[in-house]
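Trainee: I have a new structure open. Please show me how to read its features.

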Amino acid sequence: MATGRTHRPATRSRGIPEATVARLPLYLRALTALSERSVPTVSSEELAAAAGVNSAKLRKDFSYLGSYGTRGVGYDVEYLVYQISRELGLTQDWPVVIVGIGNLGAALANYGGFASRGFRVAALIDADPAMAGKPVAGIPVQHTDELEKIIKDNGVSIGVIATPAGAAQPVCDRLVAAGVTSILNFAPTVLSVPDGVDVRKVDLSIELQILAFHEQRKAGEEAADAEGTTAAAAVRKDSAEQGPDGDVPAVMPA
């Protein structure tokens with residue numbers, strides 16, 4: 001049985017490309033689904049298809065982790081779950097604060113996938129005094145005046161910003177000053193951060209605009225195909241009404 005447990009520490013020391021890091025959560029999601037179905041091993045082709053990537057790219061990505069499957073058998077699912085989780089830092093507890101408890105922030109607080117993936121929502125923070133003390137997802141909302149103390153007391157290094165655009169940068173500055181070094185930004189604005197702080201931006205409107213572009217392109221292609229089909233039919237009809245020389249009727253009168 002494949003274990004994929006061949007380790008190459010030197011590879012880790014060289015670092016893993018950002019593109020590979022971005023795909024690791026995709027592999028982990030697919031592997032977790034296989035694990036929940038008690039699937040013991042998986043081939044690179046099957047896992048690549050489940051993750052939506054090319055199998056050669058998957059094998060290259062796993063080589064950075066020092067994992068190699070066995071030909072004809074594949075990869076050990078449980079071990080890969082552990083290995084990728086460890087590489088992503090998910091084998092430890094990560095306290096997270098969510099700032100901005102409007103509709104989006106509340107939805108994030110209620111998301112049940114954080115805990116199972118190594119993240120603990122340590123605090124919910126909002127600038128509205130009327131929100132203070134109100135429970136959301138079983139966690140009482142705290143006022144932004146307490147932000148620095150909350151971060152220090154909980155050892156928070158990851159912050160989630162779900163505020164309106166105008167409040168995002170000031171909140172970001174306070175998070176960074178308090179010691180947060182990674183930020184997930186849902187606000188529709190670009191944040192400015194110092195070196196050493198990582199920001200991941202999630203802009204739902206941009207994603208929808210990209211989808212709209214693809215829908216428009218598909219509609220244009222369908223219209224072009226329909227026009228081409230109509231033109232071809234007209235040519236066939238015109239040819240059928242002409243003789244072999246083009247302008248002599250195909251059937252001459254007796």
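Mentor: Start with the idea of a pocket. A pocket is an open set of grid points with protein on both sides within 12 Å along at least five of seven lines. Its volume is the space filled by probe spheres set on the points. Keep in mind that this is a predicted model.

Trainee: How much space lies in the largest pocket?

Mentor: About 1800 Å³.

Trainee: Which residues lie nearest the centre of the largest pocket?

Mentor: Pro25, Leu88, Leu90, Phe119 and Arg200. The lining of this pocket has 40 residues. By class, 24 are nonpolar, seven polar and nine charged.

Trainee: Which element supplies the largest share of that lining?

Mentor: Helix H2, with 12 residues. Other elements supply at least two residues each, among them helix H5 (77–87), strand E3 (94–99) and strand E9 (198–201).

Trainee: Let me stay with H2. At what angle do the axes of H2 and H4 cross?

Mentor: Angles of 65 to 115 degrees count as roughly perpendicular. Here H2 (residues 18–36) and H4 (residues 55–65) cross at roughly 105 degrees, and their axes come within 11 Å. That makes H2 roughly perpendicular to H4.

Trainee: Which residues of H2 and H4 meet?

Mentor: From H2, take Thr20, Arg23, Leu24 and Tyr27. From H4, take Lys57, Leu58, Asp61, Phe62, Tyr64 and Leu65. The contact has six nonpolar, one polar and three charged residues.

Trainee: What joins the side chains of Arg23 and Asp61?

Mentor: A salt bridge needs a side-chain nitrogen of Lys or Arg within 4 Å of a carboxyl oxygen of Asp or Glu. Arg23 and Asp61 meet in one, at 2.7 Å from N to O. Arg23 lies in H2 and Asp61 in H4, so the pair ties together parts 38 residues apart in sequence. The count for the model comes to seven salt bridges.

Trainee: Now H3 and H4. How far apart are their axes?

Mentor: The axes are 8 Å apart. Helix H3 (residues 44–51) packs on H4 at an angle of about 100 degrees. That makes H3 roughly perpendicular to H4.

Trainee: Which residues of H3 and H4 meet?

Mentor: H3 brings Ser44, Glu45, Leu47 and Ala48. H4 brings Ser55, Leu58, Arg59 and Phe62. This contact has four nonpolar, two polar and two charged residues. Look again at Leu58 and Phe62: these H4 residues meet H2, and they also meet H3.

Definitions and conventions: Residues are numbered from 1 along each chain as its sequence is written. This is a predicted model: local features need pLDDT of at least 70, side-chain atom pairs count only at pLDDT 80 or more; totals for chains, interfaces and linings use all residues. Side-chain values use heavy atoms; hydrogens and water are left out. Axes are lines fitted to C-alpha atoms, for helices over the stretch in contact, and angles run from 0 to 180 degrees between N-to-C directions. Helices (H or I, at least four residues) and strands (E, at least two) are DSSP runs, numbered from the N terminus. Angles under 35 degrees count as roughly parallel, over 145 as roughly antiparallel, 65 to 115 as roughly perpendicular and the rest as oblique. Contact means heavy atoms within 4.5 Å. Ala, Val, Leu, Ile, Met, Phe, Trp, Tyr, Cys and Pro count as nonpolar, Asp, Glu, Lys and Arg as charged, and the others, Gly among them, as polar. On a 1 Å grid over the protein atoms alone, a cavity is a set of points where a 1.4 Å probe fits but cannot get out, and a pocket is an open set with protein on both sides within 12 Å along at least five of seven lines; lining residues have an atom within 4 Å of a point.
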